[in-house]
Every structure is written in structure tokens, then in C-alpha cells.
Amino acid sequence: MIRSLLKLAAVLVVCILVYNYFFGTSEEKTQSQEVFEKARALVVAGAQVLKGEKAKFDAGKYDGVMEQLGEAYRALRKQVKNMDAQLVDQLDDLEKRKNTLQQQLDEIEKNDSAPEPETRSGKKGLAVPDIQSSKAADQARKKQDLQRALDSLVQDSERLIQQASQK
């Protein structure tokens with residue numbers, strides 16, 4: 001219900017802006033033009049962020065974090081052996097999460113390096129790019145999910161290291 005109202009409101013705002021852009025007073029036209037320019041700038045900035053993140057991902061941004069976490073876990077495991085069993089359990093859990101994230105990262109990298117399927121044609125020679133765009137959107141969503149999970153893992157690891165150093 002709320003989603004429908006938000007969509008309706010967005011459509012209404014766009015319709016008003018388009019109407020004002022073509023049929024409004026000079027002040028309304030100027031205002032609509034400014035809004036469209038700002039929206040365009042937002043889209044361009046968003047595209048640049050996505051391209052930058054893809055470049056970082058391709059350059060191995062996440063690989064370095066995974067290696068550092070692995071080294072930290074190995075060093076912590078040496079210290080934790082003589083400590084609390086609860087810390088050992090927490091460390092085991094963090095290592096399992098890291099391994100799961102590594103598997104997801106490998107899968108994403110494999111899908112990124114897979115060749116793009118050719119665009120198939122529908123009736124009357126129309127291209128059907130929906131498959132490619134949905135796969136790209138799915139990959140972007142997976143990367144975002146991976147980034148959030150990795151950030152959470154790093155925070156949890158830092159907490160465990162602080163706990164271990166206090167004991």
C-alpha cells in the first residue's frame with residue numbers, strides 16, 4: 001500500500017516536472033530544468049561510483065581483506081589456545097563466515113569472468129537485453145551483499161581481537 005503511494009507520488013512529481021518544462025511559465029521551466037540537471041548529475045555520479053567499485057573489485061579489493069583476516073585469525077588462534085573456550089568458539093565462527101564469504105567471492109569473480117551471452121532477438125528483429133541487464137543487476141546486488149557481510153565480519157573480528165587482548 002505504502003509502496004504504491006510512493007510510486008504514485010513519484011510519477012506525479014515527474015509528470016508535473018515534465019509539464020512545467022514544456023508548458024510552464026519561464027520560472028517553472030527554469031526550475032524544472034534545474035531539477036532535471038541535478039537528476040542527471042546524480043545518475044552520472046552513481047554510475048561513476050559503480051564503475052569505481054567494479055574496478056576495485058576487479059583489482060582484488062576484497063582479496064587483500066580476506067588475506068589479512070586469515071593472518072589475523074592464525075595469530076589469534078595461537079594466543080587463544082590457552083584462553084577462554086568462548087573465544088575459541090567465536091574465532092571458529094568467524095573463520096567459518098570468512099570461508100563462506102571467500103566462496104561467494106570466488107563465485108562472483110567466476111561469473112564476472114564468464115563470457116557475456118549473445119543478445120537474442122525477438123520477433124521483428126527486436127533485441128531482448130533483459131537477460132543481460134538482470135544478470136548484471138544480480139551481480140551488482142551480490143557484490144553489495146558481499147561488501148556488507150565483509151564489513152560486518154571485519155567489525156566482529158576487531159571486537160574479538162579486543163576481547164582477546166583484554167584477557
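Visitor: With which residue does Asp156 form a salt bridge, and how far apart are the closest N and O atoms?

Guide: In this predicted model, Asp156 forms a salt bridge with Arg159, and the closest N and O atoms are 2.6 Å apart. Both Asp156 and Arg159 belong to helix α5, where 3 residues, about one turn of the helix, separate them. Arg159 counts as partly exposed because its relative accessibility is 45%, a value between the limits of 20% for buried and 50% for exposed residues.

Asp156 also takes part in a salt bridge with Arg97, again with 2.6 Å between the closest N and O atoms. Arg97 lies in helix α4 (residues 85–113) and Asp156 in helix α5 (residues 130–166), so this pair ties together parts that are 59 residues apart in sequence. Arg97 is partly exposed, with a relative accessibility of 26%.

Helices α4 and α5 are also tied together by Glu107 and Lys142. The side chains of Lys142 and Glu107 meet in a salt bridge, with an N to O distance of 3.5 Å. Since Lys142 lies in helix α5 and Glu107 in helix α4, the contact ties together parts 35 residues apart in sequence. Lys142 has a relative accessibility of 24% and therefore counts as partly exposed. Glu107 is likewise partly exposed, at 41% relative accessible area.

For the structure as a whole, the number of salt bridges is 7; among them are the pairs Asp156 with Arg159, Arg97 with Asp156, and Lys142 with Glu107.

The surface also carries a nonpolar patch. Val14, Val18, Tyr19, Tyr21, Phe22, Phe23 and Phe36 form this patch, and together they have about 720 Å² of accessible area. Helix α1 (residues 2–23) supplies the largest share of the patch, with 6 residues. One of the patch residues, Phe22, is placed in helix α1. Phe22 counts as exposed because its relative accessibility is 52%, where the limit for that class is over 50%.

To return to the residue in the request, Asp156 is paired with Arg159 within helix α5, and with Arg97 of helix α4.

Definitions and conventions: Residues are numbered from 1 along each chain as its sequence is written. This is a predicted model: local features need pLDDT of at least 70, side-chain atom pairs count only at pLDDT 80 or more; totals for chains, interfaces and linings use all residues. Side-chain values use heavy atoms; hydrogens and water are left out. Patches are made of residues with over 30% relative accessible area and no salt bridge: like charges are joined within 9 Å, nonpolar side chains (Val, Leu, Ile, Met, Phe, Trp, Tyr) within 5 Å. Accessible areas come from the Shrake-Rupley method with a 1.4 Å probe; for residues, only the protein chains shown count as cover. A salt bridge is a side-chain nitrogen of Lys or Arg within 4 Å of a carboxyl oxygen of Asp or Glu. Helices (H or I, at least four residues) and strands (E, at least two) are DSSP runs, numbered from the N terminus. Buried means under 20% relative accessible area, exposed over 50%, partly exposed in between (1.4 Å probe, protein chains only).
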